[in-house]
Amino acid sequence: MAIRKILTEPDPFLRQKSTDVEKVDNNIRKLMDDMLETMYDAPGIGLAAIQIGVPKRVIVIDLSRDEKKTPMYFVNPKIIVKSEINSTYEEGCLSVPGQFAEVDRPDKCHISYLDYNGQKQELKAEGLLATCIQHEMDHLEGILFIDYLSKLKKNFIVKKLSKQKKALERIIV
Ligand code: NI
């Protein structure tokens, strides 16, 4: 396993649409292992492959936030049905460091996906897990949570992150 670099906004790569995984083989499992390690290290509760520069439809999530880890792996996730009732969470994202905003999303979602072993599974998620799955699935479409904010708020955040990035690239020798 290896910790990989997480891409941050504004990076055009994050806007790319990810493609389906054809087969869950050892390469994909290695990718999932790396994603999990990168996510725990960050730390975060969810990560999409595109965030480490791999445009494949792979997501890892672990909501446990304690010693006993309970990782979840989703390959080629598809929403079967979403609830009409929304819930609101204050969201952040490892690709939008230090920024948080309230986002409304369907409170429940029923999804199908392939698991770590390539087996077809279905899951009915609600609350935080439903929000997290939908946030990560947005990454697969090149969508970030800041896209749901007003233009003003979004521009403010992107400007701030661009400045931070420039400062990081600066070197003094
Ligand atoms: Ni994110």
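How exposed is arginine 4 in relative accessible area? Arginine 4 is partly exposed, at 30%; here buried means under 20% relative accessible area, exposed over 50%, and partly exposed in between (1.4 Å probe, protein chains only). The legends below walk through this and other close-ups.

This is a predicted model, in which local features need pLDDT of at least 70 and side-chain atom pairs count only at pLDDT 80 or more, while totals for chains, interfaces and linings use all residues. Residues are numbered from 1 along each chain as its sequence is written, and side-chain values use heavy atoms, with hydrogens and water left out.

View A. Cys93 (SG), His135 (NE2) and His139 (NE2) are the protein donors of the nickel ion, at 2.1 to 2.3 Å from it. Donors are N, O and S atoms within 2.8 Å of the metal (3.2 Å for Na, K and Ca); water is not among the atoms, so sites may look incomplete. Along the sequence, the donor residues follow the spacing C-x41-H-x3-H. Cysteine 93 in strand S4 (residues 86-93) and histidine 135 in helix H2 (residues 127-140) link distant parts of the chain, 42 residues apart. Helices (H or I, at least four residues) and strands (E, at least two) are DSSP runs, numbered from the N terminus. Cysteine 93 and histidine 135 are both buried.

**View B. Salt bridges across the chain.** Ten salt bridges turn up in a search of the whole structure, each a side-chain nitrogen of Lys or Arg within 4 Å of a carboxyl oxygen of Asp or Glu. In one of them, aspartate 34 pairs with arginine 4, with the closest N and O atoms 2.8 Å apart. Because aspartate 34 lies in helix H1 (residues 26-41) and arginine 4 in the segment before H1, this pair ties together parts that are 30 residues apart in sequence. Aspartate 34 counts as buried, at 1% relative accessibility.

Look next at arginine 57 and aspartate 20, a salt bridge whose closest N and O atoms are 3.9 Å apart. Arginine 57 sits in the loop between strand S1 (46-48) and strand S2 (58-61) and aspartate 20 in the segment before H1, so the pair ties together parts that are 37 residues apart in sequence. Arginine 57 counts as buried at 11% relative accessibility, whereas aspartate 20, at 44%, counts as partly exposed.

A further salt bridge joins arginine 105 to aspartate 138, with the closest N and O atoms 2.9 Å apart. This pair also links distant parts of the chain, with arginine 105 in strand S5 (residues 96-106) and aspartate 138 in helix H2, 33 residues apart. Elsewhere, Glu9, Arg15, Asp147 and Lys154 belong to one network, joined by salt bridges that share partners.

**View C. Helix H1 and its cover.** At the N-terminal end, aspartate 25 caps H1 through a side-chain oxygen 3.1 Å from the backbone nitrogen of asparagine 27. Among the buried residues of H1 are Ile28, Leu31, Asp34 and Met39. Their cover includes S1, S2 and strand S3 (72-82).

**View D. Nonpolar cores.** A nonpolar core is a set of buried Ala, Val, Leu, Ile, Met, Phe, Trp, Tyr and Cys residues joined through side-chain atoms within 4.5 Å. The largest has 17 residues, and those with the most contacts inside it include Leu31, Met35, Ile52 and Val60. H1, S2 and S3 are the elements that give two or more residues to this core, and H1 gives the most, with six. Isoleucine 52 touches Arg4, Lys5, Ile6, Leu31, Met35, Thr38 and Leu47, not counting residues up to four places away in sequence; contact means heavy atoms within 4.5 Å.

**View E. Histidine 110 in strand S6.** Histidine 110 belongs to strand S6 (residues 108-114) and is buried, with a relative accessible area of 16%. Its side chain makes a polar contact with the side chain of glutamate 122 (2.9 Å). A polar contact is a pair of N or O atoms within 3.5 Å; within protein, one must be able to donate a hydrogen and the other to accept it, and residues adjacent in sequence count only if both atoms are side-chain atoms.
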